[in-house]
Structures are given as C-alpha cells and as structure tokens.
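Here is a report on pockets, strand pairing and salt bridges. Keep the structure open while reading.

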Amino acid sequence: MELNADFSRRVVVHSEQLQWTASPMPGVDRRMLDRIGGEVARATSIVRYAPNSKFSAHTHTGGEEFIVLDGVFQDEHGDFPKGTYVRNPPTTSHTPGSAHGCTIFVKLWQFDMADRTQFRKTMADELPVSENGVATTILHKDAREIVSYSHVEAGAEFGSSHTGGIELLVIGGTLTEGGETLGKGTWLRLPEGEQLVAVAGPDGAKVWMKTGHLPYATAPSVAGL
C-alpha cells in the first residue's frame, strides 16, 4: 500500500475529518496519514484504542515514536498520559494497550537503524519563556532530525527554514499556512527545500514538529523483519 508516498510534494491531512478504519486487532482503529507497505510499513497514523483493548506483544524492528493525544496509553513499562512523547528504537518490544482508552499519533519504521536511545518525555515540562510569541522545547535531536514541541501565542508567526523537510501535527488551536487553516489534528508535510511560514489563530496553537528527516525516508526492508 502507498499513501502520500511522494515525499517531493506538500501534503495536508485534516485527520479529524477521516473515518476510522479497523486494524487487525479488535478495538484498535486508525486514521492513516502516510504509508509505504502492508501491515509492516513505514507509516504515520492516528491510532485509537478502545477501553480494555491491546495489541499482542511485538518487537519494533524499525523503531516507533508516538505522542499520547488523549487518555492513557499503557504497556509493561508504565502508564503514558496525554502529552507524553515516547521513542522506542529498533529492537525494543512491548505489549501496548489502554484500560480506559486512548488516542496516539504514531510513526513506524522511521528511525536510524543504529539508534538505541529509548526515552519518554512530558512535552510541556521543559517549555522555555515565550520569545516573539513562541515557546519551543527540543524533544529529540540527532544527525538526521530534530523533533520539537511548541506553544504559539495568538497571532504569532511560526516557521522553519530547515532544508531536510518539515512535518507537523497541530495538537491544539489553529495555524494558517499557505492560505489554509490547520485545526486540531491536522498533519502537514512539506518537502525538502520548502519553508514553513504559518501564523497562529485566535486561540494560539500547540504544535509537534519534526524537521530534516525526509531525505532518509525509505520503505521497510523485508530482510530486516
């Protein structure tokens, strides 16, 4: 399966307007944002766990990162409440689920295969004082990418000129970009070489963003499964 697999094109998906589709596990549904592959895929998705649902135990051959958007995500490593950012690099394993239900934004098979750094962070814990209406904390940084979380005040400009591609998820509030309003749940991907120029709406915006990563976008290696 290929969905939004041309990384040379701008893509915007208003995820809250998409229908939920069932995953192979009962009670776990998803909204696909981009995908290359079948059930083993380089994928970006919004995933919803019904109360008392879970996936079977599995290993992340290609790594996984996610944000808890609502509720509490759980596995044998602990409870991950709303606002938690998690990186599970290649070779890590778990049995994910949720006793009371949750929704996450998740990216699969998008790691450096040599990365072994596993961590969790509460995104808003380390936000600095706002500068020009924008407060940003760096969640992760390596030679391939920078992952950040920002609070943008109403009317403030929010942008990036990173040359390696830009991807963002609006977690709350709104942004205006390219003449289009990006509301809660909107996912935007800008190709390598394109700049982000946006302005926050009247309620401001909360934004997760990744930059620099698109030159490394590849499908999962079957040999590595």
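Two strands pair if DSSP finds at least two bridges between them. Strands (E, at least two residues) are DSSP runs, as are helices (H or I, at least four), and they are numbered from the N terminus. The model is predicted, so local features need pLDDT of at least 70 and side-chain atom pairs count only at pLDDT 80 or more, while totals for chains, interfaces and linings use all residues. Residues are numbered from 1 along each chain as its sequence is written, and side-chain values use heavy atoms, with hydrogens and water left out.

## Strand β4 and its partners

Begin with β3 (residues 21-22). Two bridges join β3 to β4, and the strands run antiparallel. Threonine 21 has arginine 30 in β4 as its bridge partner. The two strands form a hairpin with five residues between them. In that turn, glycine 27 has a positive phi of about 85°.

β1 (residues 2-3) also pairs with β4 in the antiparallel sense, over two bridges. There, leucine 3 has arginine 35 as its bridge partner. Nine bridges join β4 to β5, again antiparallel. Valine 28 is partnered by tyrosine 49 in β5. A hairpin through three residues connects β4 to β5.

How many residues of β4 are buried? Ten of the ten are, so the strand is largely enclosed by the rest of the structure. Buried means under 20% relative accessible area, exposed over 50%, and partly exposed in between (1.4 Å probe, protein chains only).

## Strand β21 and its partners

β21 (residues 196-211) is joined to β16 by seven antiparallel bridges. Here isoleucine 146 stands opposite threonine 211. With β17 (residues 157-160), β21 pairs antiparallel over four bridges. Glycine 159 stands opposite valine 197 in that pairing. Ten bridges join β18 to β21, also antiparallel. In this case valine 170 faces valine 207 as its opposite residue.

## Pockets and cavity

Rolling a probe the size of a water molecule over the atoms shows where empty space is left. The search uses a 1 Å grid over the protein atoms alone. A cavity is a set of points where a 1.4 Å probe fits but cannot get out. A pocket is an open set with protein on both sides within 12 Å along at least five of seven lines. Lining residues have an atom within 4 Å of a point. Grid points are joined across faces, edges and corners, and a volume is the space filled by probe spheres set on the points.

| Site | Volume | Strand giving the most lining residues |
|---|---|---|
| Largest pocket | About 620 Å³ | β5, six residues |
| Second largest pocket | About 440 Å³ | β18, four residues |
| Largest cavity | About 40 Å³ | β15, three residues |

The largest pocket has 32 lining residues, with Glu39, Phe55, His58, His60 and Leu108 nearest its centre. Strands giving two or more residues to this lining include β4 (28-37) and β5 (41-49). By class, the lining holds 17 nonpolar, eleven polar and four charged residues. Ala, Val, Leu, Ile, Met, Phe, Trp, Tyr, Cys and Pro count as nonpolar, Asp, Glu, Lys and Arg as charged, and the others, Gly among them, as polar.

The second largest pocket is lined by 23 residues. Leu69, Asp70, Lys82, Ile171 and Lys184 lie nearest its centre. β8, β16 (146-152) and β18 (166-177) each supply at least two lining residues. The lining divides into ten nonpolar, seven polar and six charged residues.

One cavity of 30 Å³ or more turns up in the whole structure. Its lining consists of Lys121, Thr122, Met123, Glu126, Thr137, Ile138 and Leu139.

## Salt bridges

A salt bridge is a side-chain nitrogen of Lys or Arg within 4 Å of a carboxyl oxygen of Asp or Glu. The whole structure has twelve. One of them joins arginine 42 and aspartate 34 at 3.5 Å, N to O. Arginine 42 counts as buried because its relative accessibility is 3%. Aspartate 34 is buried too, with a relative accessible area of 1%.

Glutamate 65 forms a salt bridge with lysine 210, the closest N and O atoms being 2.5 Å apart. This pair links distant parts of the chain, β8 and β21, 145 residues apart. Lysine 210 counts as buried at 0% relative accessibility. Glutamate 65 also forms a salt bridge with arginine 87, at 3.2 Å between the closest N and O atoms. Both glutamate 65 and arginine 87 are buried. Glu65, Arg87, Asp115, Glu145 and Lys210 are linked in a network of salt bridges.
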